[in-house]
Amino acid sequence: MARPKPWAVDDELWAVVEPLLPKVERRTRHPGGERHPDRLVFQGILFVLHTGIAWEHLPQELGFGSGMTCWRRLAEWTEAEVWPRLRRPGRGRGRHEALLAELRGANVLDFSRAAVDGSHPGVKGGSKTGRSPADRGMTGSKHHLITDATGIPLAVALTGGNRNDVTQPIPLLHAVPSVRGKRGRPRRRPDVVLGDRGYDHDKYRRLVRCLGVKPLIARRGTEHGSGLGTQRWVVERAFAHLDWFRRLRIRWEIRDDIHEAFLTLGCALICWRRLAAVQRRHS
């Protein structure tokens with residue numbers, strides 16, 4: 001039996017996504033052509049995300065609609081804040097919105113510690129760019145990621161390449177949503193946050209502690225072998241998983257919100273696949 005393509009949208013995933021999409025009523029006057037089915041367009045978006053193909057080169061024979069149709073629908077759904085709600089609980093929505101909550105309910109999400117890191121994708125444009133001090137002064141963007149102790153993405157951010165990593169743990173910690181899934185109060189803050197030497201600054205250690213989180217950050221000038229790498233590797237693996245989505249390896253989008261949509265969607269798909277794997281083991 002052939003494995004399904006990674007951009008194929010099965011019934012279970014579509015049951016998660018469809019309720020989040022805005023409903024568009026067809027105009028009674030001058031209705032125009034029939035709107036291409038959302039499910040096929042979503043598959044077209046995933047095809048571009050996975051393959052990195054240019055929108056205008058999206059193969060018409062796949063039936064996903066034109067590349068411009070998929071781009072417009074992605075922009076429309078991004079403005080409706082669909083992608084963050086794939087991972088966060090929302091008002092009046094079903095349980096499938098809260099992928100992180102389901103992972104926590106399945107005892108997969110581990111808030112005992114978190115890890116932060118940043119990466120430099122290649123870049124073709126956009127306002128959130130800047131000259132990187134660590135990459136021969138080349139203009140670029142940076143992805144900043146915080147994961148739980150198992151490598152599940154909790155929050156992600158896009159900045160210019162000139163933004164120092166040390167400034168990002170606080171915004172990332174604030175971006176972690178309140179996660180339900182168990183009885184009692186929702187969980188939002190990890191107990192500990194791990195970082196490499198790029199996050200070594202006493203000012204930001206104090207700010208992290210003010211959030212009730214213990215910073216474990218390697219000191220500059222000290223020998224390697226602190227042992228943090230045996231726990232921090234999970235965030236590097238999460239970046240490797242994001243690199244499976246070829247559209248994220250190079251930033252082609254001029255619009256920040258479209259690239260951030262791809263970035264958030266990639267994190268949501270990692271959560272979804274982890275949840276699906278857990279459900280398969282228990283079925």
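A residue is called buried when its relative accessible area is under 20%, exposed when that area is over 50%, and partly exposed in between. Keep these words in mind for the views below, which all come from a predicted model.

**View 1. Helix α8 and its buried residues.** Let's begin with helix α8, which runs through residues 229–243 and has 15 residues. From its first C-alpha to its last, helix α8 reaches 20 Å, close to the 21 Å expected at 1.5 Å a residue. Which residues of α8 are buried? They are R232, V234, V235, A238, F239, H241 and L242.

**View 2. A patch of positive charge on the surface.** Here K203, R206, R209 and K214 gather in a positively charged patch. Where does the largest share of this patch come from? Helix α7, residues 202–210, supplies that share with three residues. K203 has a relative accessible area of 40%, which lies between the limits of 20% and 50%, so K203 is partly exposed.

**View 3. A salt bridge between D200 and R205.** In this close-up, the side chains of D200 and R205 meet, with a distance of 2.7 Å from N to O.

**View 4. A salt bridge between R247 and E253.** The side chains of R247 and E253 also meet in a salt bridge, at 2.7 Å from N to O. R247 has a relative accessibility of 5%, so it counts as buried. E253 is buried as well, and its relative accessible area is 5%.

**View 5. A salt bridge between D257 and R255.** How far apart are the closest N and O atoms of D257 and R255? They are 2.6 Å apart. D257 counts as partly exposed, at 26% relative accessibility. R255 is likewise partly exposed, with a relative accessible area of 31%.

**View 6. A network of salt bridges.** Our last stop brings together four residues: R35, D38, R73 and E76 are linked by salt bridges into a network. How many salt bridges does a search of the whole structure find? The search finds 16.

Note on methods. Residues numbered from 1 in each chain as written. Predicted model: local features only at pLDDT ≥ 70, side-chain atom pairs only at ≥ 80, totals over all residues. Heavy atoms only, no water. Helix = DSSP H or I, 4+ residues; strand = E, 2+ residues; numbered from the N terminus. Expected span 1.5 Å × (residues − 1). Buried < 20%, exposed > 50% of the residue type's maximum accessible area, 1.4 Å probe, protein only. Patch = residues over 30% accessible without salt bridge, like charges linked within 9 Å, V, L, I, M, F, W, Y side chains within 5 Å. Areas by Shrake-Rupley, 256 points an atom, 1.4 Å probe, with all protein chains shown as cover. Lys, Arg positive; Asp, Glu negative; His and termini not counted. Charge placed at Lys NZ, Arg CZ, Asp CG, Glu CD.
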